[in-house]
Amino acid sequence: MSAIPEDVVRRRSRHDARARAYRDLSERRARLAAGTSIKPEFEYELLTMFARNELGAAVTMPVLYSLFALACMFWAPTVDAIVWLVTVIVAKVLLLDQARRFLHQPQAQLNIRMWRRRFVLLELFNGLALAGFALVGVRETLGAPTDMVFSSHVFIFATLIVVLAIRTMFAATLPAIFYAGTVPMTLAVVGRLLMLDNSFYLALATMAVGIHLYFTFLARGLRSTVLSMLEYRAEKDALIAELEEQKSVSDEARRRAEAANSAKSRFLATMSHELRTPLNAILGFSEVMKEEMFGPLNNPKYREYTENILESGKHLLHLINEILDLTRIESGRYELHEEPLRLADVIDECHRLLKLRAEGKGIEVVEETEADLPIVWADQRAMRQICLNLMSNALKFTPKGGRITLSVGKMPDGGQFLAVRDNGPGIPEEEIPKVLQAFGQGTLAQQTAEGGAGLGLAIVQNLIELHGGNLDLQSELRKGTAAKVILPAYRVLQSMGPLQPLGHETHRLKGMAPRPPRPARVRARIENGDTAAFG
């Protein structure tokens, strides 16, 4: 896939920065409009959690209030207990009704500020109703026996702890609602305890205030935890959205790159005929002129120019063929015509084709082949092109008087390899990935080697990958390069052993069945040398 231009990246970065600044400004405006320091979507989540908590306890809380009313009948009039129970249940029903309405409305239509104020008022009414529990039977209790006074006030104190714990669980994330639901109850209990004018109840009142402060700090901790959780979730959602956006951008870029690559392939395939036809004419005419078939060229410069034209045309034709081969491979239109062959025959044939070129540079070419190698199932033309490309690179990079080794052998996993080693200048390790790419050339190779387009290794790598194998390129500066192509084990054809031992085939056994014994008269004539008896 082609790289994204730098100016596009800069424009996209500036656009992202402007988008982030706009989002931050919108969030600040929304916070000011909502009258809170947290994000409006967080405020909605907190109110939603409070409403769901209230609806989740729609049955259990009235039952708990009923138990409180039954307990206070031991020291207070029944009418006062029933009035308190009805009041607190009515307050609870109003709160549940508003919570249900809040959850049923779409978020886009909600006024968060108005609903927060409404919940605070309803919770304050609910807190005042709960505070009435501390005032139920207050006159009767003051004149009751000491045991009754002690029991009733300890129960009221325990009730305060229960209410504080419940309201902390339900409304800890909303401080205003938490205070509205707990402060009236705490004040009522402390006031009733102080009315007894006793050091024990004074200590109990002080403990009630301390417990309220403890639950307040606990509520703050819970609120901080919930806000952190919401922030992490929002960051996760933003990251997922950003990843989805980047994925869509990447998919679009990949689609465009694939379309451009397909267009390039179609263009090259279409232009192959238009390029080769005039080039073949140039090669043919220049060769005719070089050989002086229709008469001599009187000027030696013309002969030199003709040779240059012929060599340049051959080089251009070779380059076009390489580009078209690489294009067919990348577009998936290169078809393998597989057949049984021996890799030793491939390197022998390539050696013969490039022998004159190697001798012209004074380079020694040596073949090393393991004995008794089985045949492989591969495309002969592709394997020949792989070997020729590797040998051509070795001839380019190997200096005069160097040595090139062609070898074929077995791999430990049962596959076979074809390797070309030279003692040329080598390739720096960091440039090996570069030279394996199309049109990639190393810096040292550009200075010392003959001209080339840098397509040879790319074609080799693609052709061997079509066979399910891979290319292993090892090189070291001033020590040479070793290029090894490896065919997988499943392409090696193993010969089968005979199904029947030699000399004991079924058809031979049938032909050697014992004949019936001859008569005694015939045997006597045979013993006497009468050949007519063999009839």
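**Notebook: aromatic rings**

I looked up Phe133 and found that, at 1% relative accessibility, it counts as buried, because buried means under 20% relative accessible area. I keep in mind that this is a predicted model.

I then asked which ring Phe133 pairs with, and I found that Phe68 and Phe133 form a tilted aromatic pair, with 5.7 Å from centre to centre and 45° between the planes. I traced where the two residues lie: Phe68 is in helix α3 (residues 60–72), while Phe133 is in the loop between α5 (112–131) and α6 (138–142), and the pair links distant parts of the chain, 65 residues apart. I checked Phe68 too, and it is buried, with a relative accessible area of 8%. I also noted that ring pairs link Phe68 and Phe133 into a cluster with Tyr65, Trp75, Trp84 and Phe155.

I next turned to the whole structure, where a search finds 15 aromatic pairs. I picked out Tyr44 and Phe102, which form a tilted aromatic pair at 5.8 Å centre to centre, with 40° between the planes. I saw that Tyr44 lies in helix α2 (residues 40–56) and Phe102 in helix α4 (residues 78–104), so this pair ties together parts that are 58 residues apart in sequence. I looked up the accessibility of both, and Tyr44 is buried with a relative accessible area of 14%, while Phe102 counts as buried at 0% relative accessibility.

Last, I looked for charges over rings. I found the charged end of Arg118 over the ring of Trp115, 4.4 Å from its centre, and I found Lys484 over the face of Phe417, at 4.8 Å from the ring centre.

Methods: Residues are numbered from 1 along each chain as its sequence is written. This is a predicted model: local features need pLDDT of at least 70, side-chain atom pairs count only at pLDDT 80 or more; totals for chains, interfaces and linings use all residues. Side-chain values use heavy atoms; hydrogens and water are left out. Rings of Phe, Tyr and Trp (its six-membered ring) pair if their centres lie within 6.5 Å; planes under 30 degrees apart count as stacked, over 60 as edge-to-face and the rest as tilted. Helices (H or I, at least four residues) and strands (E, at least two) are DSSP runs, numbered from the N terminus. Buried means under 20% relative accessible area, exposed over 50%, partly exposed in between (1.4 Å probe, protein chains only). A charge sits over a ring if NZ of Lys or CZ of Arg is within 6 Å of the ring centre and within 35 degrees of the ring normal.
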